[in-house]
Amino acid sequence: MNNHEEESSELLSSLSNLPGPSPQVVDSILKRSLAGAVVGASVLAQSEAGAAVVSSGGASATAGKALLLSLKAKTLLALGLFSIAGTGVYQVTRGNSESPTLVSDTMVIVQPLEAPSQSPLEEKEVPLQIEVTTTTPYETAISNLEERSSTQKIKTMKKESPSSSEREIIQTARAAISASDSKAAIRALKEHKRFYSRGELAEEREVLWISLLSRDAKLSRAQKRATRFFARFPGSLHSTRIKSEIEAAKKKYENKKAVTDSKLPGQQ
Amino acid sequence: MEVKQAIRTSPVTGKFDFEEVYRDNIAYLWRTLQRLGVPPADLEDRAHDVFSIVHRKQDDFDQERAIRPWLFGIAFRVASDARKKAKHRETHELGQEHPDSNQPHDQQSIKRKMVMTGLAELSLEQRAIVVMHDLDGYTAPEIANELQIALNTVYSRLRLGRARFVMAVRALDRGED
């Protein structure tokens, strides 16, 4: 182990003087970082990755909670199903206990040992009884009913959960905007708002909202959202992009208005 | 070994000075990305990804902490994400030089190439921990904190990664594939 440590350090020391970036590259990266030229799916992925590091628990807590909830749900479901489906009951009793009670046709019930009323020596003489019982048709029917109701519960839970992950929803919205499918974009953005209101990609969601409204020339709504965005995310990398989107929306709106105004006299 | 400390705040404003942090750490980050196996052609884009995240998250950064482990953590996740996306891992094996790169074939560069090939044998998690510990000189608790993994996992990955790395380099040295 120690040999490996020394050898590893010695070998890795050859990487201590790896070449750095050229001054042009240094300036280029800085400009790109400051200009907020952050568009594209790869950035979304990176922002998620970065968030997990930066918030030292914040981001991972969100993901962790979701995972925990999912695991909890799965465990409960597994327990529920385990208690419903199956073929026989094994009841282990000791001594002169009461007759076995059937709970379901699959569950393995091991009765807890009660405190012995006899002395330890007497207890040794009590034989261990294992009784195997089977289910009646009535009990099977009951268990089937229970199983059906638990399936319904599963369906209900699925309805309340998001269709996909936070990142996927944002990517769907982005793709829909690119394809000029406003309805799909709005659906995705609303879904994100509903399930990940304060998610790690909330900033991206707002950017996409503004982008969508700007493209549809809904100027006042885009401006309102942009104002809220700048208040909520001061110094955002997307600021430049949003400003240019709003400017473009203004132009679109003015053009649209000019076209409408020019048509009005002719129509009258 | 790398110097751990770096300027974190502007001496004038006392706030996180992005440009200063960038200038102080870009060379370190560049080398870190190389050590994590990012191909030379992708270094600029990955460095940009890292600093985009840094810029976005600068307000969340705890200024009492050293910045380089934080940067390393981000670089690790960026490299990890890039590796997952790489479709042709065999041809673009992370950490290997491009076949057409004009590297001088001196003793130092041969050894460096051997080390990079040895590191490429490790998983990215093992690789990051070995580099952080044996090259950058971070302690195991620091690594556990930055990579958000259990301390015992750090020790385990370090031990296994180190052994695998050394064995791989030894095999290369003997001329085995």
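In this predicted model, the largest nonpolar core comprises 56 residues, and B:F72, B:L119 and B:F165 have the most contacts inside it. Helix α3 of chain B, spanning residues 67–85, contributes the largest share of this core, namely nine residues. A second, separate core contains 23 residues, among them A:A184, A:A188, A:L208 and A:I210.

The surroundings of B:L119 can be described in detail. Apart from neighbours within four places in sequence, B:L119 is in contact with A:L12 and A:L15 of chain A, and with B:R35, B:R127, B:V131 and B:F165 of chain B. B:F165 is also named among the residues with the most contacts inside the largest core.

**Chain B**

The secondary structure of chain B consists of seven helices and zero strands, and along the sequence it reads α-α-α-α-α-α-α. Chain B has 177 residues, of which 53% count as buried.

**The interface with chain A**

Chain B meets chain A through 51 of its own residues, which are in contact with 48 residues of chain A. Between them, the two chains bury about 4,600 Å², with 61% of this on carbon and sulfur atoms. On the side of chain B, the residues that lose the most area to chain A are B:H48, B:R56 and B:R112, which together account for 15% of what that side buries. Eight salt bridges are found across the interface of chain B and chain A. The side chains of B:R23 and A:D27 also meet in a salt bridge, at 3.1 Å from N to O.

**Confidence of the prediction**

The mean pLDDT of chain B is 80, and 79% of its residues reach 70 or more. For the complex, the predictor gives an ipTM of 0.73 and a pTM of 0.44.

Definitions and conventions:
Residues are numbered from 1 along each chain as its sequence is written. Chains are lettered from A and ligands numbered from 1 in the order in which they are written. Side-chain values use heavy atoms; hydrogens and water are left out. pLDDT is the predictor's confidence in each residue, from 0 to 100. A nonpolar core is a set of buried Ala, Val, Leu, Ile, Met, Phe, Trp, Tyr and Cys residues joined through side-chain atoms within 4.5 Å. Buried means under 20% relative accessible area, exposed over 50%, partly exposed in between (1.4 Å probe, protein chains only). Helices (H or I, at least four residues) and strands (E, at least two) are DSSP runs, numbered from the N terminus. Contact means heavy atoms within 4.5 Å. Buried area is the accessible area (1.4 Å probe) that two parts lose on being put together, summed over both. A salt bridge is a side-chain nitrogen of Lys or Arg within 4 Å of a carboxyl oxygen of Asp or Glu.
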